[in-house]
Amino acid sequence: MRQTARTSEGLLAKVKLLMALVTAVVLVSAGSSVAGTMSTTVLERSKEIGLMKAMGGTRGEVLLIFSAEAALLGVLGGVAGYLLGSGIAQFITKTVFAASADFIPWFAGISLGVSLFLALLGSVGPMVSVFRLDPVRSLRGE
């Protein structure tokens, strides 16, 4: 019986390690995805950014617009991730373990916090390029 318990503990430890690795990969890929999305947004809107700066918009105001967009992306991703993850957990516990999984409300806060952090962290690079953008060159199309 002890041998079975030790084997189960070892298996559980390996599953925990696997889940931690999968979580790390997902976090890195999510941050990269946000960085790519925000970089594309900055490139597509370079003329508008240049126009805003040429008309007197401060760098802070322009950065605020892109920060708000990244924050919105993070919040939507967090809500979608929480709902989808809760649904998958519900499905797995019913089909595999014949039990029900409870929705844990504070997981929603963690999901929102992590996704908001990742969205803002992933958009730092594109925001630096917004900060350095020369309005004259962007209006010329360079």
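Modeller: A crossing is left-handed if the near helix is turned anticlockwise from the far one by less than a right angle, and right-handed if clockwise. The model discussed here is predicted: local features need pLDDT of at least 70, side-chain atom pairs count only at pLDDT 80 or more, and totals for chains, interfaces and linings use all residues. Residues are numbered from 1 along each chain as its sequence is written, and side-chain values use heavy atoms, leaving out hydrogens and water.

Colleague: Is the crossing of α1 and α4 left-handed or right-handed?

Modeller: Helix α1 covers residues 2–44 and helix α4 residues 105–122 (helices are DSSP runs of H or I with at least four residues, strands runs of E with at least two, numbered from the N terminus). Their axes come within 8 Å. The sense in which α1 passes α4 is right-handed.

Colleague: How are α1 and α4 oriented to each other?

Modeller: The axes cross at roughly 50° (lines fitted to C-alpha atoms, for helices over the stretch in contact, with angles from 0 to 180 degrees between N-to-C directions). Angles under 35 degrees count as roughly parallel, over 145 as roughly antiparallel, 65 to 115 as roughly perpendicular and the rest as oblique. The orientation of α1 and α4 is therefore oblique.

Colleague: How many charged residues does the contact of α1 with α4 have?

Modeller: From α1, L27, A30, G31, V34 and A35 meet V114, L118, A119 and G122 of α4 (contact means heavy atoms within 4.5 Å). Ala, Val, Leu, Ile, Met, Phe, Trp, Tyr, Cys and Pro count as nonpolar, Asp, Glu, Lys and Arg as charged, and the others, Gly among them, as polar. The contact has seven nonpolar and two polar residues, and the number of charged ones is none.

Colleague: How many charged residues are in the contact of α1 with α2?

Modeller: Helix α2 (residues 46–54) packs against α1 at about 65°, with the axes 4 Å apart. V42, L43 and E44 of α1 meet S46, E48 and I49 of α2. By class there are three nonpolar residues and one polar, and the charged residues number two.

Colleague: Is S123 buried or exposed?

Modeller: S123 is in the loop between α4 and α5 (124–132). Beyond its neighbours within four places in sequence, S123 contacts V34, M38 and A70. Under 20% relative accessible area counts as buried, over 50% as exposed and in between as partly exposed (1.4 Å probe, protein chains only). Because its relative accessibility is 0%, S123 is buried.

Colleague: Which residues does T41 touch, not counting those up to four places away in sequence?

Modeller: T41 belongs to helix α1. With a relative accessible area of 9%, T41 is buried. Its partners are F66 and E69.

Colleague: What is the geometry of the pair formed by the rings of W106 and F107?

Modeller: Rings of Phe, Tyr and Trp (its six-membered ring) pair if their centres lie within 6.5 Å; planes under 30 degrees apart are stacked, over 60 edge-to-face and the rest tilted. This rule gives one aromatic pair. The centres of W106 and F107 are 4.6 Å apart and the planes lie at 65°, so the pair is edge-to-face.

Colleague: What is the phi of A98?

Modeller: A98 lies in the loop between α3 (59–97) and α4, and is exposed at 71% relative accessible area. Most residues other than glycine have a negative phi. A98 is not a glycine, yet its phi is positive, about 55°.
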